[in-house]
Amino acid sequence: MNAEEIARRSAEEIARRSAEVMLAADRASKSLGIELRNVAPGTGEVTMVVRPDMANGWDICHGGLIATLADTAFAVACNSYGVLSLAAGFDITFLEPGRIGDHLLARAEERALKGRTGVYDVTVSRLRPDGTDGDPIAEFRGRSRNVGRPVRSVDGGALQLDQLARDREAGDAEHRRGRRHPSGG
């Protein structure tokens, strides 16, 4: 395994562990049945099945719950570097309603990351029975702000993630000083 492969695997491990730590303590997402589907640096995918108790007065999925699903995918993506990041704001546009029984997918992708600020787009779509994406039902744009602390478990326990993030930061600092980092960056 070459240095580039090691750096890529390290970044993927940071993303995976960050998502696991965050979602393990996320009672709101758990109560909605939101599940992690995929995570990588700068991206995240989560799913949710629309239950009858999620319907509003018009018997469609409450828009706030679709926004919560999108916000969870956004959180997975913006925390994927092992640094605690919080929402600074978001906008959502509903294109069509979610219906009881729909299996929804929210896919977040990083659009920009400058300093401590990030911009992420999330598309919420209905999954087809074969598991492929259907038509989008909502588009979400989130703005994040990292707070400069590593992701940690709720009890504050040190995680292997902390060391992975420090190793990555050390490599990034070395690259900024003009040395070649193993990631090739």
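Glu109 comes out as partly exposed, at 31% relative accessibility (buried is under 20% relative accessible area, exposed over 50% and partly exposed in between, with a 1.4 Å probe and protein chains only). Its side chain meets that of Arg111 in a salt bridge, 3.3 Å from N to O (a salt bridge being a side-chain nitrogen of Lys or Arg within 4 Å of a carboxyl oxygen of Asp or Glu). Arg111 is partly exposed too, with a relative accessible area of 48%.

Bear in mind that this is a predicted model, where local features need pLDDT of at least 70 and side-chain atom pairs count only at pLDDT 80 or more, while totals for chains, interfaces and linings use all residues. Residues are numbered from 1 along each chain as its sequence is written, and side-chain values use heavy atoms, with hydrogens and water left out.

**Overall layout**

- The protein has four helices and six strands (DSSP runs numbered from the N terminus: H or I of at least four residues for helices, E of at least two for strands).
- Reading from the N terminus, the elements go α-α-β-β-α-β-β-β-β-α.
- Out of 185 residues, 38% count as buried.
- Take the contacts between residues at least 6 apart in sequence: 65% of them join residues at least 24 apart (contact means heavy atoms within 4.5 Å).
- The accessible surface comes to about 10000 Å², and carbon and sulfur atoms own 51% of that (Shrake-Rupley method with a 1.4 Å probe; for residues, only the protein chains shown count as cover).

**Other salt bridges**

- Searching the whole structure turns up 13 salt bridges. In general, side chains of opposite charge can pair when their charged atoms come close.
- Arg17 and Glu20 pair up through their side chains at 3.1 Å, N to O. These two sit three residues apart in helix α1 (residues 3-24), so about one helical turn separates them. Glu20 is partly exposed, with a relative accessible area of 32%.
- Arg126 bridges to Asp102, with the closest N and O atoms 2.7 Å apart. Arg126 belongs to strand β5 and Asp102 to the loop between β3 (83-94) and β4 (103-114), so this pair ties together parts 24 residues apart in sequence. Both Arg126 and Asp102 are buried.

**Nonpolar core**

- The largest nonpolar core holds 29 residues, and Leu69, Leu104, Val122 and Val124 touch the most other members (such a core is a set of buried Ala, Val, Leu, Ile, Met, Phe, Trp, Tyr and Cys residues joined through side-chain atoms within 4.5 Å).
- At least two residues of this core come from each of α1, β2 (43-49), α3 (63-78), β4, β5 and β6 (133-150).
- The largest share is that of α3, with nine residues.

- Ser125 lies in strand β5 (residues 117-127), and it counts as buried at 4% relative accessibility.
- Beyond neighbours within four places in sequence, Ser125 is in contact with His103, Leu104, Leu105, Asp133, Gly134, Asp135, Pro136 and Ile137.
- Ser125 and Ile137 are twelve residues apart along the chain, and 5.3 Å separates their C-alpha atoms.
- Ser29 lies in helix α2 (residues 27-31) and counts as buried, at 3% relative accessibility.
- Apart from neighbours within four places in sequence, Ser29 is in contact with Ile34 and Thr72.

**Cysteines**

- The disulfide count is zero (the rule asks for a pair of cysteine sulfur atoms within 2.5 Å).
- Cys61 is buried, with a relative accessible area of 4%, and Cys78 counts as buried at 5% relative accessibility.

- Asp59 has a phi near 65 degrees, a positive value in a residue other than glycine.
- You'll find Asp59 in the loop between β2 and α3, where it is exposed, with a relative accessible area of 52%.
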